[in-house]
Amino acid sequence: MEFVKRNYGDPGLGVDLVSRVFSISPRTLHTLFEGTGTSFAKLVRQLRLQHAFDVLSDPSCSLSVTELARICGFYDPSSFSRAFRRHFDVSPLELRRARAAQTA
């Protein structure tokens, strides 16, 4: 978990990488998440999206959504925006505008 928390911004972070780093099978990695209410992929996506939310909530943030998507480990800004909207029920741009309006 600590490895994932430290490396969630790496777009290459996935089951294969973590399995190699810890010399375990992908099945063993998935088994570790049984009973936690989440999966490896969901945990990584949640960490990435929460980081993006926190950054976009800062009115002083000047990163573009595309830059932020890349920093948070998303290859494609469109898939990032869709995932963000699904998770937070607001698009990244809508959140940024709302936060900016609150400080104005």
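Visitor: Where does Ser-91 lie?
Guide: Ser-91 sits in the loop between α6 and α7. Bear in mind that this is a predicted model.

Visitor: Is Ser-91 buried or exposed?
Guide: Ser-91 is buried, because its relative accessible area of 13% is under the 20% limit.

Visitor: What is Ser-91 in contact with, leaving aside neighbours within four places in sequence?
Guide: With those neighbours set aside, Ser-91 is in contact with Phe-84 and Arg-85.

Visitor: And Asp-89, where is that?
Guide: Asp-89 is in the loop between α6 and α7.

Visitor: Which residue other than glycine has a positive phi near 50°?
Guide: That is Ser-23, with phi near 50°. Ser-23 is in the loop between α2 and α3. Its relative accessible area is 67%, so Ser-23 counts as exposed.

Visitor: Back to α6. How many residues does α6 have?
Guide: Helix α6 covers residues 77–88, which is 12 residues. From the first C-alpha to the last, α6 reaches 16 Å, close to the 16 Å expected at 1.5 Å a residue.

Visitor: Which residues of α6 are buried?
Guide: The buried residues of α6 are Phe-80, Ala-83 and Phe-84. Looking down the axis of α6, these buried residues fall within an arc of 105°, so they line one face of the helix.

Visitor: What covers the buried residues of α6?
Guide: The cover includes α4 (40–56), α5 (65–71) and α7 (92–103).

Visitor: Let's do α4, then. What is its span?
Guide: The end C-alpha atoms of α4 are 24 Å apart. With 17 residues at 1.5 Å a residue, α4 should span 24 Å, so the two values agree.

Visitor: Which residues are buried in α4?
Guide: They are Phe-40, Leu-43, Val-44, Arg-48, Leu-49, Ala-52, Phe-53, Val-55 and Leu-56. What covers the buried residues of α4 includes α1 (2–7), α2 (15–21), α3 (26–32), α5, α6 and α7.

Visitor: How many residues are in the largest nonpolar core?
Guide: The largest nonpolar core has 16 residues. Those with the most contacts inside this core are Leu-49, Ala-52, Leu-68, Phe-74, Phe-80, Phe-84 and Leu-95.

Visitor: Which elements give two or more residues to this core?
Guide: Those elements are α4, α5 and α6. Of these, α4 gives the most, with 5 residues.

Visitor: Which residues is Phe-74 in contact with, leaving aside neighbours within four places in sequence?
Guide: Phe-74 is in contact with Arg-48, Leu-49, Ala-69, Ser-79, Phe-80 and Ala-83.

Visitor: What does the second, separate core include?
Guide: The second core has 11 residues, among them Tyr-8, Val-15, Leu-29 and Phe-33.

Visitor: How many aromatic pairs are there?
Guide: The count comes to 7 aromatic pairs. Take Phe-33 and Phe-40: their ring centres are 6.0 Å apart and their planes are at 75°, so the pair is edge-to-face. Both Phe-33 and Phe-40 are buried.

Visitor: Which residues do ring pairs link into a cluster?
Guide: Ring pairs link Phe-53, Phe-74, Phe-80, Phe-84 and Phe-88.

Visitor: Switching to charges. How many salt bridges does a search of the whole structure find?
Guide: The search finds 2 salt bridges. Side chains of opposite charge can pair when their charged atoms come close. Glu-34 forms a salt bridge with Arg-27, the closest N and O atoms being 3.0 Å apart. Arg-85 forms a salt bridge with Glu-94, with the closest N and O atoms 3.2 Å apart.

Visitor: What is the accessibility of Arg-85, and of Glu-94?
Guide: Arg-85 has 40% relative accessibility and counts as partly exposed. Glu-94 is also partly exposed, with a relative accessible area of 35%.

Visitor: Last one. Where is Ala-100 found?
Guide: Ala-100 is in helix α7. At 39% relative accessibility, Ala-100 counts as partly exposed. Ala-100 and Pro-59 are 41 residues apart in sequence, and their C-alpha atoms are 5.5 Å apart in space.

Notes: Residues are numbered from 1 along each chain as its sequence is written. This is a predicted model: local features need pLDDT of at least 70, side-chain atom pairs count only at pLDDT 80 or more; totals for chains, interfaces and linings use all residues. Side-chain values use heavy atoms; hydrogens and water are left out. Helices (H or I, at least four residues) and strands (E, at least two) are DSSP runs, numbered from the N terminus. The expected span of a helix is 1.5 Å times one less than its number of residues. Buried means under 20% relative accessible area, exposed over 50%, partly exposed in between (1.4 Å probe, protein chains only). The arc is that of the directions from the helix axis to the C-beta atoms. Contact means heavy atoms within 4.5 Å. A salt bridge is a side-chain nitrogen of Lys or Arg within 4 Å of a carboxyl oxygen of Asp or Glu. Rings of Phe, Tyr and Trp (its six-membered ring) pair if their centres lie within 6.5 Å; planes under 30 degrees apart count as stacked, over 60 as edge-to-face and the rest as tilted. A nonpolar core is a set of buried Ala, Val, Leu, Ile, Met, Phe, Trp, Tyr and Cys residues joined through side-chain atoms within 4.5 Å.
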